Amino acid sequence: MVNMKSAQAKAGDPGIYSISDLFRCDPSRQNVDSFQLSNQLLVADRVHLDVKLFEYPHRIDGVALMLCHKGYLTGTVNLSENRLEEGMVAVLHGEHLLQFRSQSDDFEASVIVLSSQFIQEFHIDLTEAIPLFMYMKDHPLVKMNEEESDVLHKMYGALRSELIATEEQYRVAIVQCLLEAFLYKILSVYRRHAPEMNVHRGRREEFFVQFMSLLTKYHKQERSMGFYADQLHITPKYLSSVIKEVSGRSAAEWIDRYVILEAKALLRYSGLSIQEIAYELNFSTQSFFGKYFKHHTGMSPSEYKSK
């Protein structure tokens, strides 16, 4: 198994799972193989998901790229219902709160699992991909056309073959280049589905990428724009204007969105009391948490919990 960072959370607490804990090859199936490169990459054929691990929503540490061959997998992404079916591709990452519900008996998917550290070594211009990143956050599953499916499966096959070639002198470099090409092809699939968008490049986009990374890591502890601005060595006012310009939402709106999503998951699935949830999300009092939650959702925590 790939040894990625794992913070096993108690049942119901939206914590972080190592992706290697989530994917397994079904030994009862023919031609089932998995290959890994150090502790950074796992490539697996005919994968089944251990849905029991996601009885409650959790996040994952890294990125999973899934190509569905047949059958279906159902679940929620950020509490929204989703269904992965034949001919679809999914991109799942640490900013997604995931809960898998069921899979058909004939569900088969090829999966590429990358650690966060491995992705950081790629030569991919993330600032150019920011508009697509925004789209992919809310649309993690899309349908491929025949040409896209054919190309991605061929690229997956090339990657798989290279991982088998353990004696290849330039194996790591070749695998990295193949993965970069694979990711760019997936971006092109999502671009076809996304609405017309302007691509901006520059320092502002880099701030946005860094802000979202910090927010994913610290949103349960920090709601102050001052904290995130300090981490980026800019003023809160500049942070707010930059994030608004790049994403269409202010930094405060992004912070509130993440906190409310986490609160909803805890209220619905954790079994914790409202007071315990307020403490978990670093609110000074249950009353303050209740007012914050109602301001953003229109209902009290107890009303949402009893829905």
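User: Is Lys-154 buried or exposed?

Analyst: Lys-154 is exposed, since its relative accessible area is 56%, where exposed means over 50%, buried means under 20%, and partly exposed covers the range in between (1.4 Å probe, protein chains only). Please keep in mind that this is a predicted model, in which local features need pLDDT of at least 70 and side-chain atom pairs count only at pLDDT 80 or more, whereas totals for chains, interfaces and linings use all residues. Residues are numbered from 1 along each chain as its sequence is written, and side-chain values use heavy atoms, with hydrogens and water left out.

User: Ok, and which side chain does Lys-154 meet in a salt bridge?

Analyst: The partner of Lys-154 is Asp-150, with a distance of 3.2 Å from N to O; a salt bridge here is a side-chain nitrogen of Lys or Arg within 4 Å of a carboxyl oxygen of Asp or Glu. Both residues belong to helix H3 (residues 146-164), where they are four residues apart, about one turn of the helix. Asp-150 is partly exposed, at a relative accessible area of 39%.

User: Why can side chains pair like that?

Analyst: Side chains of opposite charge can pair when their charged atoms come close.

User: How many salt bridges are there by this rule?

Analyst: The count comes to eight salt bridges. One of the pairs is Asp-138 with Arg-257, at 2.8 Å from N to O, and this pair links distant parts of the chain, because Asp-138 sits in helix H2 (residues 130-138) and Arg-257 in helix H8 (residues 251-269), 119 residues apart, with helices taken as DSSP runs of H or I of at least four residues, strands as runs of E of at least two, and both numbered from the N terminus. Both side chains belong to partly exposed residues, with relative accessible areas of 37% for Asp-138 and 31% for Arg-257.

User: What about Glu-245, which residue does its side chain meet?

Analyst: The side chain of Glu-245 forms a salt bridge with that of Arg-204, at 3.1 Å from N to O. This pair also links distant parts of the chain, with Glu-245 in helix H7 (residues 236-247) and Arg-204 in helix H5 (residues 203-218), 41 residues apart. Glu-245 is exposed, at 51% relative accessible area, while Arg-204 is partly exposed, at 36%.

User: Switching to helix packing: at what angle do H7 and H8 cross?

Analyst: The axes of H7 and H8 cross at roughly 80 degrees and come within 7 Å, where axes are lines fitted to C-alpha atoms, for helices over the stretch in contact, and angles run from 0 to 180 degrees between N-to-C directions. That makes H7 roughly perpendicular to H8, because angles of 65 to 115 degrees count as roughly perpendicular, those under 35 as roughly parallel, those over 145 as roughly antiparallel, and the rest as oblique. On the H7 side the contact is made by Leu-239, Ser-240, Ile-243, Lys-244 and Ser-247, and on the H8 side by Ala-251, Glu-253 and Trp-254, contact meaning heavy atoms within 4.5 Å.

User: And are H5 and H8 roughly parallel or roughly perpendicular?

Analyst: H5 and H8 are roughly parallel to each other, as their axes cross at roughly 30 degrees and come within 11 Å. From H5, the residues Phe-208, Phe-211, Met-212, Leu-215 and Thr-216 meet Ala-251, Trp-254, Ile-255 and Tyr-258 of H8.

User: Now something inside: is Leu-179 buried or exposed?

Analyst: Leu-179, which lies in helix H4 (residues 171-193), is buried, with a relative accessible area of 0%. Not counting residues up to four places away in sequence, Leu-179 touches Leu-41, Ile-112, Leu-114, Phe-118, Phe-122 and Leu-159. The C-alpha atoms of Leu-179 and Leu-114 are separated by 9.6 Å, although these residues are 65 apart along the chain.

User: Last one, what share of the protein chain is buried?

Analyst: Buried residues make up 51% of the 307 residues in the protein chain, which contains eleven helices and 13 strands. Of the contacts with a separation of 6 or more, 72% come from residues 24 or more positions apart.
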